[in-house]
Amino acid sequence: MALRLQSLAPSLPLASRLEFRTGSKMPRLAVDEERAPDGRMHLTGRWPAYGWVPPVLWPGVLDDLGVTARPHAGAALSIALSKVGSNTPLRAIAVSLGLPGWIADHVARVLRDLPIDAVCRSLEDLFARLEANHPPIDYADRVMVGRDPTQFASAVDAALTARGEEIDATARHAAAIELWAAYTGSTPAYCPWAERDVVPELPWFVDRANLLAQAYVELPHHSHEPMVWTPP
């Protein structure tokens with residue numbers, strides 16, 4: 001099967017090459033199902049990199065591809081990385097990552113004009129690094145938590161109270177959006193409950209890093225789990 005997939009790779013589109021892991025030494029069919037006790041096959045709704053990948057790829061990772069300046073590049077790369085070894089459609093992956101489904105249409109645009117072999121190898125190598133060193137953060141869980149804006153507003157209010165700082169409602173909403181972005185590994189532009197006429201900026205006198213660190217304590221997470229993480 002590996003030899004057959006290797007021979008077919010040059011004629012396959014990017015999504016299929018990622019699915020069959022043609023950038024690895026041993027291409028294989030995707031496994032995205034589980035067998036229930038009744039003997040029937042049921043979709044798991046998960047894939048090999050499920051929970052390992054944030055909605056927007058970590059800063060500085062895969063910069064060598066030279067696409068970071070392209071619109072929606074970070075989100076498109078996260079979708080592409082999640083596609084490695086998976087037969088889940090790109091749009092379904094995007095939604096599971098907490099992204100708008102239409103972001104999946106940008107994967108091919110972001111990676112256009114690049115040597116497809118190099119792209120597959122880069123994504124495969126990063127996948128292998130994550131496989132060997134699982135992230136200490138379950139991004140899938142965080143995306144689920146991130147759908148509830150009340151937790152982020154409450155966390156910001158608690159942090160402000162502890163610091164003895166007062167900011168207006170617009171600034172508090174902006175802080176909640178920034179906290180959501182840091183917590184989920186996304187960017188404010190993709191926040192599903194953000195008020196679109198609010199620019200996510202904090203007043204100059206607020207120490208953003210310290211405020212977010214204090215607010216993070218109020219959000220669901222395991223002990224010793226960092227707020228943010230980057231692959232070594």
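Leaving aside residues up to four places away in sequence, Phe152 is in contact (heavy atoms within 4.5 Å) with Val145, Gly146, Ala176, Leu179, Trp180, Tyr183, Trp193 and Leu219. The model is predicted, with local features needing pLDDT of at least 70 and side-chain atom pairs pLDDT 80 or more, while totals for chains, interfaces and linings use all residues. Residues are numbered from 1 along each chain as its sequence is written, and side-chain values use heavy atoms, without hydrogens and water.

Phe152 and Leu81 have the most contacts inside the largest nonpolar core, a set of 67 residues. Such a core joins buried Ala, Val, Leu, Ile, Met, Phe, Trp, Tyr and Cys residues through side-chain atoms within 4.5 Å. Helix 9 provides the largest share of this core, nine residues.

The largest pocket has a volume of about 330 Å³. Among its 21 lining residues, Pro59, Ala181, Gly185, Ser186 and Val228 are closest to the centre. Lining residues have an atom within 4 Å of a point on a 1 Å grid, where a pocket is an open set of points with protein on both sides within 12 Å along at least five of seven lines. Helix 7 (139-145) and helix 9 (169-184) each supply at least two lining residues, and helix 9 gives the most, with four. The lining comprises 14 nonpolar, four polar and three charged residues.

| Residue | Relative accessible area |
|---|---|
| Cys120 | 2% |
| Cys191 | 0% |

The structure holds zero disulfides, a disulfide being a pair of cysteine sulfur atoms within 2.5 Å.

How values were computed
Buried means under 20% relative accessible area, exposed over 50%, partly exposed in between (1.4 Å probe, protein chains only). On a 1 Å grid over the protein atoms alone, a cavity is a set of points where a 1.4 Å probe fits but cannot get out, and a pocket is an open set with protein on both sides within 12 Å along at least five of seven lines; lining residues have an atom within 4 Å of a point. Grid points are joined across faces, edges and corners, and a volume is the space filled by probe spheres set on the points. Ala, Val, Leu, Ile, Met, Phe, Trp, Tyr, Cys and Pro count as nonpolar, Asp, Glu, Lys and Arg as charged, and the others, Gly among them, as polar.
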